[in-house]
Amino acid sequence: MEKVIVKLENIKKSYGDKSIIKNLNLEIYEGEILTFLGPSGCGKTTILRMISGLEDATSGKIYLDGKDMTGVEAKDREINTIFQSYALFPHMNVYDNIAFGLKMKKVPKEEIAKKVKEMLELVKLTGYEKRKPSELSGGEQQRVAIARALINNPKVLLLDEPLSALDKKLKKQMRIELKELQQKLGITFIYVTHDQSEALSLSNRIMLMHNGKIVELTTPKDLYEHPKTKFAADFIGDANIFSGKVLNIKETFAEVLINADFKIIINNDNFKENDKVTIVIRPENIKLVTKDKDYNTYNIKIKSSIYDGAYYTVIAKMETNKELKILLPKDKYELLKDKDMLKVHFSFEDMVIIKGER
Amino acid sequence: MKKRILKNIFIILVYAFLYLPIIILVVFSFNTSKMNITFEGFTLKWYQTLFSNRSLLEAFFNTIIVAVTSTFISTVIGTISAYALNRYNFKGKGFIMKLLYIPIVIPEIVLGISLLSVYTLLKLDLGMMTLILSHIAFSIPFVIISVKTILDDLNPNLYDASKDLGAGGLETFRHIILPSLIPGITSGAMLAFTLSLDDVVISYFTAGPSSNTLPLKIYSMIKTGITPEVNALSTIILVVTFTIILLFTLKQMRSLKKEVVR
């Protein structure tokens, strides 16, 4: 059993009449990277601020390492934050920025100097002591922010969209650096982002949020491959989503009616007639076939395509006028692009079935 | 070509209009003749008489005392007020912000008279105290506005970051906010200082017999005709202010250059 480092119990938060967080319960394990993922305004940053103590919960309790944090100010919590746009102190040089936390704790000067040196080595910024934040690149500022937080040896590090100000290439590089850093130090990371690919590549677990509630809380792989909600399927990665009703049941199969002459056969999972069903199929899981299979073979026409280096994302039209997104390797696409009519197949193992309309 | 000549003539005329009176003032401070009409010869005697004129020197020191004290006090009050106005939301905040502009736009003569009536009502004797109080009163809005402009532009995450790193409210103000405000505080203080230095109207109403200031003294001197002594005094003031401004500009240009190099 893993140790719970942060526990949120019946947390509610509202501003005036507006309810932001609706009764949230959450256990965060020591040493994990947990990501709060969701569209902007879903309340993820609010939760982060309540954990850090910068904001109070309207009701409910937050525990850090078993201790109730109610009434404990941000400055007295063993938690540090990396803010969006870093919030480095502009008038201080790199050294003073990193040393600030220890100075506030009245740590002796020599010890601060030693610790700052260690931190600069950790984030690979040795020799940058005298520079002002305005003299640093985005990635360097990011590293200073990390060093400034980690020097306090926090039990938990909160990261509020830390990579949003960086360009795409730097983002990918910092992702790897952050993950390596976390593995090296073993500190719990709570990471807030609205970027699903960031969440997938960094996290041990993802808490997907919508309108102040947890939609799903699971591993990135599970969330991507077996979403339990339509919202998750739609928010994480690309997906073809078809909603319909069970038309009839034939022993181990169920026939789902999407519209007039578009039916999909799925495995029967205790369905009844007229049950509402959502079928999710990822673009990379749609298979091109040359001959009709026993079930779920459809004719399509290529409408347009987007080149992405290694892959093409193809937008195709089905006979029933529904659009279909298909991910194809470059060579395969170039072989097929001039064909008038193609056939695709949805196999049972490639479809994710979500019961109900959620 | 013709257009360019016209443009240059225009620029020369504008600058002549602005600077000719000042040049004349400086030139005649070295004039041997007492009359400000013809230049008869070079002399420094007016500067000598100036430094032996006790009432003038006294007025000069009064001016400096008033300017320094009122600048210091109004800068402290103004900075704290700006911080409060930026950090806290309370009922009537918008109204208070608008009220700030009234002392700035109100005619000085009205402010002078109203301050005088307040002092009379409170039975305060006119003197250095009332003079300093008046100067503080009209300087505060300028300081508040110049400090608040900087505060409003400050990244609000800085407060959070400071708290997050273990600083209390006072420590955050001292270590994080105050240093960022230095440019705003300096410009506010400079404004307050120059306003106090050359104020005539309000000082006229609120100064007592023992607290004559330089502008008031000059004003009373020219009632009997401008003497080269006044010219000499004005030249000194001019040189001092010019030097201060030059130093500030140079400093600013240097930091600007640094920024550009980055």
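In the predicted model, the contact between the two chains draws on 20 residues from chain A and 16 residues from chain B. On the side of chain A that touches chain B, β6 (79-82) and α2 (94-104) of chain A each contribute at least two residues. The largest share of this side, three residues, is supplied by α2(A). When the residues of this side of chain A are sorted by class, eight are nonpolar, eight are polar and four are charged.

Chain B contains the helix α1, which covers residues 2-28 and thus comprises 27 residues. From its first C-alpha to its last, α1(B) reaches 37 Å, a span close to the 39 Å expected at 1.5 Å a residue. Helix α1(B) is hardly covered, since the count of buried residues among its 27 residues is one.

Chain A includes an open sheet of five strands, arranged in the order β13-β12-β11-β14-β20 with antiparallel pairing. The edges of the sheet are formed by β13 (262-267) and β20 (351-355) of chain A, each of which pairs on one side only. From one strand to the next, the twist averages 40°. Within chain A, strand β14 (residues 276-281) is joined to β20(A) by five bridges, and these two strands run antiparallel. A residue of β20(A), I354(A), stands opposite T278(A).

Definitions and conventions. Residues numbered from 1 in each chain as written. Chains lettered and ligands numbered in written order. Predicted model: local features only at pLDDT ≥ 70, side-chain atom pairs only at ≥ 80, totals over all residues. Helix = DSSP H or I, 4+ residues; strand = E, 2+ residues; numbered from the N terminus. Expected span 1.5 Å × (residues − 1). Buried ≥ 20, exposed ≤ 12 C-beta atoms within 10 Å, placed from the backbone. Contact = placed C-beta atoms within 7 Å. Nonpolar A, V, L, I, M, F, W, Y, C, P; charged D, E, K, R; others polar. Pairing = 2+ DSSP bridges. Axes fitted to C-alpha atoms, helices over the stretch in contact; angles between N-to-C directions.
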